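My entries follow in the order in which I checked them.

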Amino acid sequence: MTTAYITHPDCLRHDMGAGHPENPERLKSVNGHVHEELPVEGLRMLEAPLAEPAQLKRVHLSSYVDGIFEQAPSTGYLRLDPDTAMNAYSLAAARRAAGAGILGVDEVLAKRARNAFCAVRPCGHHATPNRAMGFCIFNNVAVAAAHALEERGLERVAIVEFDVHHGNGTEDIFSEPRWQKRVLMTGFFQHPFYPYSGTQDPAPNMLNVPLAAGSGGAAVREVFERHALPALERFAPELILVSAGFDAHAEDLLGGLALVEEDYEWMTRALDALAARHAQGRIVSMLEGGYNLEALGRSAVAHLRALATH
């Protein structure tokens, strides 16, 4: 089976203003590196659908989703928080970003693909049940997890995060008691750092490890080998979702961690081996952060190469 590569031109039209680090060039870099460095015939190229309001409301309050739809601007910008804005194309882009994860889940469960990478923006892991923040409008990985559990009938889904920033929105959503036996969230993040959360796991299904600035591949491998991978083995997920942030790269100056491409490849291969044991190989990875364009492109290729080769 191939790896599904899911994206959409709408994700290139979302723009939050001149000089914003989360800009269309990020996705252009990922797409460009993938097409130049990977055999495209080994990928199943798919366009992301629009997530429906009901699918978004599985993890967001109805009032929040309705408000985003109603307030979405037709011209100019709407500022949702100090870091997050919408232009005329942002609603479509945000729906495509969430829809990509839904399609990825459907593709791997139907065995049309072994795994999937969703090259989308805006990112999602800071979006809480009731607000946008940190460049995120809808929580894409949470929407995908809820779709797998509520629509597709899975019992256990794991979310693994390797972004430099803690996924506070994902944690807020799945710390709720109704999800605690069905979702495990694990990973690492830099601390102290935005959004200044994550050091106290709020529920037994949360295992997120803070790392000091300057930590590199050795520290990340220790987190995986001592914490994340054993927890995943015990949980035995039927599907692994990845919040794939590449802003922990040493060249990404928006953060302070020191990973390189080989670290992303190592983590991905470790998750792929675990997925083969417990989840029929099923992984759906969703692009989160990454703001040095070259490091982002190279890291995404390393991640995708590990997904596509076994």
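Entry: I looked up F246 and found that, at 1% relative accessibility, F246 counts as buried, where buried means under 20% relative accessible area, exposed over 50% and partly exposed in between, with a 1.4 Å probe and protein chains only. Y264 is likewise listed as buried, at 0% relative accessibility. I note here that this is a predicted model, in which local features need pLDDT of at least 70 and side-chain atom pairs count only at pLDDT 80 or more, while totals for chains, interfaces and linings use all residues. Residues are numbered from 1 along each chain as its sequence is written, and side-chain values use heavy atoms, with hydrogens and water left out.

**Entry: aromatic pairs.** I took rings of Phe, Tyr and Trp (its six-membered ring) as a pair if their centres lie within 6.5 Å, with planes under 30 degrees apart counted as stacked, over 60 as edge-to-face and the rest as tilted. By this rule I have 8 aromatic pairs. F135 is buried, with a relative accessible area of 13%, and Y291 counts as buried at 13% relative accessibility.

I then returned to F246 and Y264, whose ring centres are 4.9 Å apart with planes at 70°, so this pair is edge-to-face. F246 lies in the loop between strand 9 (239–244) and helix 9 (261–278) and Y264 in helix 9, so the pair ties together parts that are 18 residues apart in sequence. F162, F246 and Y264 form one aromatic cluster.

**Entry: nonpolar cores.** Which residues touch the most other members of the largest nonpolar core? They are F188 and L241, in a core of 97 residues, a core being a set of buried Ala, Val, Leu, Ile, Met, Phe, Trp, Tyr and Cys residues joined through side-chain atoms within 4.5 Å. Helix 5 (residues 90–109) supplies the largest share of this core, with 10 residues. Apart from it lies another core of 7 residues, among them M16, A85, F135 and Y291. Contact here means heavy atoms within 4.5 Å; leaving aside neighbours within four places in sequence, the contacts of L241 include V105, V141, A144 and V284.

**Entry: R96.** I found R96 in helix 5, where R96 is buried with a relative accessible area of 16%. Leaving aside its neighbours within four places in sequence, R96 is in contact with H8, D10, C11, A48, P49, L50 and V120.

**Entry: G297.** G297 is placed in helix 10 and is buried, with a relative accessible area of 0%. Not counting residues up to four places away in sequence, G297 touches S29, V30 and H33. From G297 to P53 I noted 31 Å in space, C-alpha to C-alpha, and 244 residues in sequence.

**Entry: backbone geometry.** Most residues other than glycine have a negative phi, and most peptide bonds are trans. The peptide bond from R121 to P122 is cis, with omega near 5°, and P122 is in the loop between strand 5 and helix 6. H191 and P192 are also joined by a cis peptide bond, with omega about 0°; P192 lies in the loop between strand 7 (183–190) and strand 8 (206–211). F135, although not a glycine, has a positive phi of about 80°. Q280, not a glycine either, has a positive phi of about 55°, is found in the loop between helix 9 and strand 10, and counts as partly exposed at 47% relative accessibility.

How values were computed: Helices (H or I, at least four residues) and strands (E, at least two) are DSSP runs, numbered from the N terminus.
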